[in-house]
Amino acid sequence: MDKKKNKLNAFVALLLTACLFFVQVTPSFGASVSFQKKTPNLNSVRSVQDSYIQVKWARMAGATGYQIYRLTDRQSGFKKLDSVKGGISYVDTKVIGNTTYYYKIRAYKTVKGKTTYSRYSKVKFSEIGLTDSCAWNNHLIASGKRHTKM
């Protein structure tokens, strides 16, 4: 009877150890999967005195930082501009006049050396030194929409 009890106790101990291991491992896996499904909120992209563009976003729970991407030419696509650790804004000073700039961001989370990325935000744009009609024409061209004069 003691042998059966010892085997049962050993089995229960092994089962508890496995359960505790699973509970410790699963939250980080589950958290990274749910983080990948989140989309950060890009609040605003605005030109300030035609000398720089300020990009602002809402803080995303669990994010270590954010990557900022910019597009100026549809053919070249979005390029990673910079990363911001923990902040919720970025100032783009590498801008030139008569240009429309498009921005998007994504959050990242680093745990134990492994980095997980969120989805990309919606794209927002701002112009430097353009009249309203030039900015609208550039927006239509960059978005692939046709513009006809009336």
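Trainee: Which residues is valine 55 in contact with, leaving aside its neighbours within four places in sequence?

Mentor: Valine 55 is in contact with Leu42, Ser44, Val45, Ile88, Ser89, Tyr90 and Tyr103, where contact means heavy atoms within 4.5 Å. The model is a predicted one, in which local features need pLDDT of at least 70 and side-chain atom pairs count only at pLDDT 80 or more, while totals for chains, interfaces and linings use all residues. Residues are numbered from 1 along each chain as its sequence is written, and side-chain values use heavy atoms, with hydrogens and water left out.

Trainee: Why does valine 55 count as buried?

Mentor: The term buried means under 20% relative accessible area, whereas exposed means over 50% and partly exposed lies in between, with a 1.4 Å probe and protein chains only. Valine 55 has 0% relative accessibility, so it counts as buried.

Trainee: In which strand is valine 55 found, and what stands opposite valine 55 in β5?

Mentor: Valine 55 is found in strand β2, and its opposite residue in β5 is tyrosine 90. Strands here are DSSP runs of E with at least two residues, and helices are runs of H or I with at least four, numbered from the N terminus.

Trainee: How do you know that β2 and β5 pair?

Mentor: Two strands pair if DSSP finds at least two bridges between them. Strand β2 (residues 52–57) and β5 have four bridges, in the antiparallel sense, and they therefore meet the criterion of at least two. In general, strands of a sheet pair through backbone hydrogen bonds, either parallel or antiparallel.

Trainee: What makes β1 and β5 the edge strands?

Mentor: The open sheet has three strands in the order β1-β2-β5, with antiparallel pairing. Strands β1 (42–48) and β5 each pair on one side only, and that places them at the edges.

Trainee: What pattern does the chain follow when read along the sequence?

Mentor: The pattern is α-β-β-β-β-β-β-β-β-α, which comes to two helices and eight strands. Buried residues make up 29% of the 150 residues.

Trainee: Why is β3 described as largely enclosed by the rest of the structure?

Mentor: Seven of the seven residues of β3 are buried, so the description applies. Gly65, Gln67, Tyr69 and Leu71 point one way from β3, and Tyr66, Ile68 and Arg70 point the other way.

Trainee: To which strands do bridges join β3?

Mentor: Six bridges join β3 to strand β4 (residues 79–85) in an antiparallel arrangement, and isoleucine 68 has aspartate 82 as its bridge partner in β4. Seven bridges join β3 to strand β6 (residues 99–111), again antiparallel, with tyrosine 66 opposite alanine 107.

Trainee: Why is the meeting of arginine 70 and aspartate 92 called a salt bridge?

Mentor: A salt bridge is a side-chain nitrogen of Lys or Arg within 4 Å of a carboxyl oxygen of Asp or Glu. The N to O distance for arginine 70 and aspartate 92 is 2.7 Å, so the pair qualifies under the limit of 4 Å. Arginine 70 lies in strand β3 (residues 65–71) and aspartate 92 in strand β5 (residues 89–92), so the pair ties together parts that are 22 residues apart in sequence. Both residues are buried, and the structure holds one salt bridge.

Trainee: What makes the pair of tryptophan 57 and tyrosine 66 tilted?

Mentor: Rings of Phe, Tyr and Trp (its six-membered ring) pair if their centres lie within 6.5 Å; planes under 30 degrees apart count as stacked, over 60 as edge-to-face and the rest as tilted. By this rule there are three aromatic pairs. For tryptophan 57 and tyrosine 66, the centres are 5.3 Å apart and the planes stand at 50°, so the rule gives a tilted pair. Both of these residues are buried.

Trainee: Why is the pair of tyrosine 102 and phenylalanine 125 tilted?

Mentor: Their ring centres are 5.5 Å apart and their planes are at 35°, so this pair is tilted. Tyrosine 102 lies in strand β6 and phenylalanine 125 in strand β8, so the pair ties together parts that are 23 residues apart in sequence. Tyrosine 102 has a relative accessible area of 6% and is buried, whereas phenylalanine 125, at 29%, counts as partly exposed.

Trainee: Why does serine 121 count as buried?

Mentor: Serine 121 has 6% relative accessibility, so it counts as buried. Its place is in the loop between β7 (114–120) and β8 (124–128). Not counting residues up to four places away in sequence, serine 121 touches Thr39, Pro40, Leu42, Lys104 and Ile105.
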